[in-house]
Amino acid sequence: MTKHPLPSVTVLGLGSMGQALAGAFLDAGHPTTIWNRSDGKGDGLVARGAVRAATPGEAVRASEVVVVCVVDYDAAQAVLDRAAGDLPGRLLVNLTSDTPERAREAAAWAEALGVDYLDGAVMVPVPMIGTPDALVFHSGARSAYDKYETTLRALGGQSTHVGEDPGLAAVYDLSVLDFFWTAMHGMVHGFALAATEGVPGAAVAPYMKALAGLLASVVDGTAEDLDSGEFPGDLDNLTVEAANVRHLVRAAEHRGLDAAVLRGVLTAADRSIGLGHGADNWSSIVEGIRNPA
Ligand SMILES: NC(=O)c1ccc[n+]([C@@H]2O[C@H](COP(=O)([O-])OP(=O)(O)OC[C@H]3O[C@@H](n4cnc5c(N)ncnc54)[C@H](OP(=O)(O)O)[C@@H]3O)[C@@H](O)[C@H]2O)c1
């Protein structure tokens, strides 16, 4: 039986993420070409079989799939401008993180050149790249994703296409990171609050984990509330929960901690209550979020 060779892949940008992406393609057996703006990066990849290109154009010409992953979209555009004439006929996958607006602009630029384009957002840290649990959001032409899905899955087993609009990968990225960073702040703030009373983080950690599990268990219900616009308050209500947050703000400020995030939560809850949602559940805080002062 003839074995079809795996698609060749180029990675433009060898920061810590670019190197991990190129390494995952190599591990999966893809002929891999690499390029970076400055010298001195990627020797380990070359030792593992990657080919180093001297220019972005040479790198692009080497492969049918071109991945760019640099610090931001200005940098990505600067690199792509140097290879624009070589891109048509290949799939360009932009795994640089930025906003949906920048992703749509980049997609329009690619479309004007006649280049197939997927935008993507890498949702995991470097050490997870190439593992079955790694998540990468992709958006843009479904047909392009379908054609190269197996190749793109070399980067992460949970890679998924979230829609034809090229801005959607960035939308999903923003949404889950909005949640993540606020929760990460809350976790550190909670530990800091305990520490003001001499309670070490390790003592609180098991209970923090239990609440993290509780949080996971309410995600689907909260999504349903937001999608339906109904916030049934039969089991909990915003007035009582806002009172809880008010105690927290007071306790944090009394101990000399920054309480700006908690105060922001309280302000949104109070605004929502003012709009008539005091007897609705916690999800109704969204009305305070949607109607900033
Ligand atoms: N690291 C992570 O854990 C992680 C996780 C998820 C998503 N991401 C995303 O992955 C992307 C890359 O992150 P990273 O961690 O690899 O960053 P990094 O280690 O700081 O590397 C930055 C890369 O961008 C290049 N670059 C910067 N300015 C440039 C310019 N004007 N022209 C050409 N190349 C330029 C750098 O080239 P030089 O070597 O020449 O400076 C380098 O290759 C970012 O969008 C980041 O948000 C990273």
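So, how much of this protein is buried? Buried residues make up 37% of the 293 residues. By buried I mean that 20 or more other C-beta atoms lie within 10 Å of a residue's own; 12 or fewer is exposed, in between is partly exposed, and the C-beta atoms are placed from the backbone. Keep in mind that this is a predicted model: local features need pLDDT of at least 70, side-chain atom pairs count only at pLDDT 80 or more, and totals for chains, interfaces and linings use all residues. Residues are numbered from 1 along each chain as its sequence is written.

Okay, the overall layout. The C-alpha atoms fill a box of roughly 65 × 40 × 40 Å, taken along the principal axes. There are eleven helices and eight strands. Those are DSSP runs numbered from the N terminus: H or I with at least four residues for helices, E with at least two for strands. The protein is divided into domain 1 (9–165) and domain 2 (196–290), with bounds that come from an automatic or database domain assignment. Their C-alpha centres lie 39 Å apart.

Now the sheet. It's an open one of eight strands, in the order β3-β2-β1-β4-β5-β6-β7-β8, with mixed pairing. Two strands pair, by the way, if DSSP finds at least two bridges between them.

Let's zoom in on β1, residues 9–12. Val9 and Val11 point one way, Thr10 and Leu12 the other way, and all are buried. β1 pairs with β2 (residues 32–35) in the parallel sense over four bridges, and Val11 stands opposite Ile34. To get from β1 to β2 the chain goes through helix α1 (residues 16–27), in a right-handed β-α-β crossover. Right-handed means that, with the strands pointing away from you, the path from the first strand over the helix to the second runs clockwise. β1 also pairs with β4 (residues 65–68), again parallel over four bridges, with Val9 opposite Val65.

Val11 comes back in the largest nonpolar core, which has 57 residues; it is among those that touch the most other members, along with Leu21, Ala22, Val66, Val67 and Val68. A nonpolar core is a set of buried Ala, Val, Leu, Ile, Met, Phe, Trp, Tyr and Cys residues joined through C-beta atoms within 7 Å. The largest share of this core, seven residues, comes from α1. Apart from it lies another core, of twelve residues, including Leu262 and Trp282.

Last stop, helix α7. How does its span compare with what 28 residues should give? At 1.5 Å a residue (times one less than the number of residues), residues 168–195 should span 40 Å, and the end C-alpha atoms are 41 Å apart, which agrees. Leu168, Ala169, Ala170, Tyr172 and Asp173 are buried in α7.
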